[in-house]
Amino acid sequence: YYRIINEAVKGALGGLHSARCILYSVDFAEIELLQQEGRWQEAGDLLAAAGRSLQRAGADGLVLCTNTMHKLADVIEAGVSVPLLHIADATAQRIKAAGMRKVGLLGTRYTMEHDFYKGRLTSKYDLDVLVPSAEDREVVHRVIYDELCLGIVRDESRRRYGEIMAGLAAAGAEGIILGCTEIELLVQEPDSPVPLFPTTRIHALAAVKWALEEQETAKAT
């Protein structure tokens, strides 16, 4: 996120410009344990506290750099008075701009199986969202947590993801959402028979556009 955001700000403003941002990095081991044990309220409280810290430090808006934890977006938003740029909204807008309606979704088990992500894409943007079979969902989830989150990138896993994406395309998916920010470490456009929607890049670029537009609005007033 940090690299993409700074590259985009420099691209937009030129010269030596970089992004004015405040970072709050959590200990993912704590988050993962809360996920695993279904202690979502505790995880939400932790992230809401992080959001309040960022607001007190001067943040005008929040960007939650993960897909899965947007399950708790409402909890975070309720705990702060600055806006949160939702990753599913940024992704859906890119899909709609591409003229697509039926898409596949890869992500953690929580993102693929819980309703907070698919439901938002369906109810708010009228998208038809496909997920892999239960067996394939287990593969996608395992690779994320046991490999990508640990910095391990395996060709075997890339091939398996390719097969899963081909299956989604065969089922009618016009594009595929890489709905976990780590998946972009593993697969790229050549690995998929249909266009990919990489949520890390999409969300980071949407954040830059959002911030620069807000800055221009503030100048105008």
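This is a predicted model: local features need pLDDT of at least 70, side-chain atom pairs count only at pLDDT 80 or more; totals for chains, interfaces and linings use all residues.

Colleague: OK. Take tyrosine 145. Buried or exposed?

Modeller: Tyrosine 145 has a relative accessible area of 14%. That is under the 20% cut-off, so tyrosine 145 is buried.

Colleague: What about phenylalanine 28? Buried or partly exposed?

Modeller: Phenylalanine 28 is partly exposed, at 38% relative accessibility.

Colleague: How many aromatic pairs are there?

Modeller: The count is 3 aromatic pairs. One of them joins phenylalanine 28 and tyrosine 145, and this pair is stacked. The centres are 6.2 Å apart, with 25° between the planes.

Colleague: Which helices do those two sit in?

Modeller: Phenylalanine 28 is in helix α2 (residues 28–36), and tyrosine 145 is in helix α8. They are 117 residues apart, so the pair links distant parts of the chain.

Colleague: And how do tryptophan 40 and tyrosine 110 pair up?

Modeller: Tryptophan 40 and tyrosine 110 are edge-to-face. Here the distance is 5.2 Å centre to centre, and the planes make 80°. Tryptophan 40 belongs to helix α3 (residues 40–56) and tyrosine 110 to helix α6 (residues 109–113), so the pair ties together parts 70 residues apart in sequence.

Colleague: Are those two buried or exposed?

Modeller: Tryptophan 40 is buried, at 14%. Tyrosine 110 is buried too, at 10%.

Colleague: What sits over the ring of tryptophan 40?

Modeller: The charged end of lysine 71 does, 5.2 Å from the ring centre.

Colleague: New topic. How many disulfides?

Modeller: The structure has 0 disulfides.

Colleague: How far is the nearest cysteine sulfur from cysteine 180?

Modeller: That distance is 6.0 Å, to the sulfur of cysteine 149. Cysteine 180 is in no disulfide. Its relative accessibility is 4%, so cysteine 180 counts as buried.

Colleague: Let's do a helix. How many residues does α9 have?

Modeller: Helix α9 (residues 155–170) has 16 residues. From first C-alpha to last, α9 reaches 22 Å. That is close to the 22 Å expected at 1.5 Å a residue.

Colleague: Which residues in α9 are buried?

Modeller: Ser157, Tyr161, Gly162, Ile164, Met165 and Leu168.

Colleague: Why would spacing along a helix matter?

Modeller: An α-helix has 3.6 residues a turn, so residues three or four places apart point the same way.

Colleague: Now loops. Where is histidine 86?

Modeller: Histidine 86 is in the loop between α4 and α5. At 4% relative accessibility, histidine 86 is buried. Setting aside residues up to four places away in sequence, histidine 86 touches His70, Ala73, Arg120 and His203.

Colleague: And proline 83, where is that found?

Modeller: Proline 83 is in the loop between α4 (73–79) and α5 (87–97). Proline 83 is partly exposed, with a relative accessible area of 44%. Beyond neighbours within four places in sequence, proline 83 contacts Asp60, Gly61, Leu62 and Trp210.

How values were computed: Residues are numbered from 1 along each chain as its sequence is written. Side-chain values use heavy atoms; hydrogens and water are left out. Helices (H or I, at least four residues) and strands (E, at least two) are DSSP runs, numbered from the N terminus. Buried means under 20% relative accessible area, exposed over 50%, partly exposed in between (1.4 Å probe, protein chains only). Contact means heavy atoms within 4.5 Å. The expected span of a helix is 1.5 Å times one less than its number of residues. A disulfide is a pair of cysteine sulfur atoms within 2.5 Å. Rings of Phe, Tyr and Trp (its six-membered ring) pair if their centres lie within 6.5 Å; planes under 30 degrees apart count as stacked, over 60 as edge-to-face and the rest as tilted. A charge sits over a ring if NZ of Lys or CZ of Arg is within 6 Å of the ring centre and within 35 degrees of the ring normal.
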